[in-house]
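Visitor: I am new to this structure. Please pick a single part, look at it closely, and then place it in its surroundings.

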Amino acid sequence: MNATTFQIYLYLVKIGQPAGPRDIMRGVNISSPGVVHRNLQKLMDLGVVDKDAYGRYAIKEKIAFKGYVWFGRNLIPRFILFSSFFFGLLIVEAAVLAIRMVAREPVESSYLLLTIVTALSAAMFLLEGFQLRKKYSKA
Amino acid sequence: MLNQKFVGLICLALVIGFLTGLVSFYNEFNVFQSYPFEVDVVYAYFKVFNVSSGVAGLQLGSIYGPFNRPLVAYVIVLNLTNPTDKAVRIRDLTIALGETGTQTGQGGVSLTNTVIRYERDFSDWSYDYWWQPNSSKLIAVSATGQPPFNELGIPVLNQQKGYFYVALDCVTENKAYAKGFMLKQVNLNMASENEFFYNVAFKENENFYFSNDAITIDVS
């Protein structure tokens with residue numbers, strides 16, 4: 001599935017009702033009706049879009065996309081969720097670190113390493129997640 | 001709509017991560033709990049040394065004036081009791097002896113005419129500074145020093161009366177705090193002209209010596 005096909009598919013999922021080719025052109029911001037028709041045909045061949053008697057297109061089934069998770073009609077990059085999870089964990093680890101310092105308790109190097117790994121994981125997942133989200137936002 | 005759901009899901013993931021961390025590091029937050037720890041001075045020995053004024057080095061007075069500030073060598077034995085059901089590690093110890101002692105509003109103590117002030121940080125983990133639940137141990141500390149601040153410390157010993165102040169900070173096995181505190185008036189006995197002692201621990205002919213850890217003592 002190329003970028004335009006992906007955008008059309010996501011648009012149909014987002015509106016949640018049948019749409020004609022002109023609505024799709026406006027919704028996805030494509031200037032050529034031929035491009036829309038060609039990509040809709042591709043989606044029909046894949047069996048994910050149906051055409052009704054009025055010539056409108058509707059989603060037949062939601063398909064899974066690698067790296068994304070469906071949340072209602074929204075496609076969310078998994079990496080952003082992983083990043084949020086690690087940020088939640090990092091808040092607790094940072095609080096524990098602060099408590100140990102205030103209480104003058106020794107901080108084991110393994111604990112410091114754990115906190116650094118959590119912080120790096122959160123940052124890397126966030127970066128990757130936003131790159132995927134940017135791709136999705138274009139759609 | 002998209003943003004609301006998107007932000008909602010991110011918050012959910014954040015909360016799940018936070019709760020996972022909270023469950024994993026639950027013990028670390030026990031630092032906000034505090035347990036009692038009992039401390040009592042059961043023995044103290046003081047010896048006052050006068051240093052020859054003809055010898056270069058240590059001055060009998062101080063930079064503030066020709067005060068009488070000889071050296072005081074001392075050994076103090078404390079009975080430390082852990083009344084909790086948690087193992088407790090001692091951490092910071094402060095001992096002082098002064099002429100009068102009063103508790104201040106902020107939980108501190110004000111001593112006048114201090115004879116000695118001893119502070120020790122037990123953060124050296126090489127020794128076993130743990131007290132098992134519901135257990136008592138005697139520890140001894142010793143040092144030599146000049147009475148701090150002024151010349152009025154030594155007369156306190158000669159009066160054979162003073163206030164002992166002991167404060168002890170500890171941590172429990174589950175990383176909570178335990179605190180010991182004592183402020184009491186004691187009467188000292190005079191062993192000789194320059195020797196004073198206080199004893200409610202040892203019988204006649206009973207002696208103690210330091211264990212290998214240089215803190216706990218063995219009684220013979």
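**A residue and its helix**

Guide: Thr5(A) counts as buried because 20 C-beta neighbours lie inside 10 Å (buried means 20 or more other C-beta atoms within 10 Å of a residue's own, exposed 12 or fewer, and partly exposed in between, with C-beta atoms placed from the backbone). The model is a predicted one, in which local features need pLDDT of at least 70 and side-chain atom pairs count only at pLDDT 80 or more, while totals for chains, interfaces and linings use all residues. Residues are numbered from 1 along each chain as its sequence is written, and chains are lettered from A and ligands numbered from 1 in the order in which they are written.

Thr5(A) sits in helix H1 of chain A (helices, H or I of at least four residues, and strands, E of at least two, are DSSP runs numbered from the N terminus). Apart from its neighbours within four places in sequence, Thr5(A) is in contact with Asn39(A), Lys42(A) and Leu43(A) (contact means that the C-beta atoms, placed from the backbone, of two residues lie within 7 Å). Between Thr5(A) and Arg38(A) there are 33 residues of sequence separation, yet their C-alpha atoms are 8.9 Å apart in space.

After H1(A) comes Gly16(A), with a positive phi near 70°.

Thr5(A) is listed among the buried residues of H1(A), together with Gln7(A), Ile8(A), Tyr9(A), Leu10(A), Tyr11(A), Leu12(A) and Val13(A). The elements of chain A that cover these buried residues include helix H2 (21–28) and helix H3 (33–46). Strand S1 (49–51), strand S2 (57–59) and strand S4 (74–77) of chain A are also included in that cover.

H2(A) packs against H1(A) at an angle of about 105°, and the two axes are 10 Å apart (axes are lines fitted to C-alpha atoms, for helices over the stretch in contact, and angles run from 0 to 180 degrees between N-to-C directions). H1(A) and H2(A) are therefore roughly perpendicular to each other (under 35 degrees counts as roughly parallel, over 145 as roughly antiparallel, 65 to 115 as roughly perpendicular, and the rest as oblique). From H1(A), Gln7(A), Ile8(A) and Tyr11(A) meet Ile24(A), Gly27(A) and Val28(A) of H2(A). This contact of H1(A) with H2(A) has four nonpolar and two polar residues, and no charged ones (Ala, Val, Leu, Ile, Met, Phe, Trp, Tyr, Cys and Pro count as nonpolar, Asp, Glu, Lys and Arg as charged, and the others, Gly among them, as polar).

H2(A) also packs against H3(A), at an angle of about 105° and with the axes 10 Å apart. H2(A) and H3(A) are therefore roughly perpendicular to each other as well. Here Pro21(A), Ile24(A) and Met25(A) of H2(A) meet Pro33(A), Val36(A), His37(A) and Leu40(A) of H3(A). By class, the contact of H2(A) with H3(A) has six nonpolar residues, one polar and none charged. Ile24(A) takes part in the meeting of H2(A) with H1(A) and in the meeting of H2(A) with H3(A).

Now to the whole chain. Chain A has five helices and four strands, and along the sequence they follow the pattern α-α-α-β-β-β-β-α-α. Of its 139 residues, 28% count as buried. Among the contacts in chain A with a separation of 6 or more, 56% join residues 24 or more positions apart.

Last comes the other chain. In chain A, 19 residues are in contact with 18 residues of chain B. S4 and helix H4 (78–102) of chain A each supply at least two residues of the side that touches chain B. H4(A) gives the largest share of that side, 13 residues. The residues of this side of chain A divide into 13 nonpolar, four polar and two charged. Chain B itself has two helices and 14 strands, and 27% of its 220 residues count as buried.
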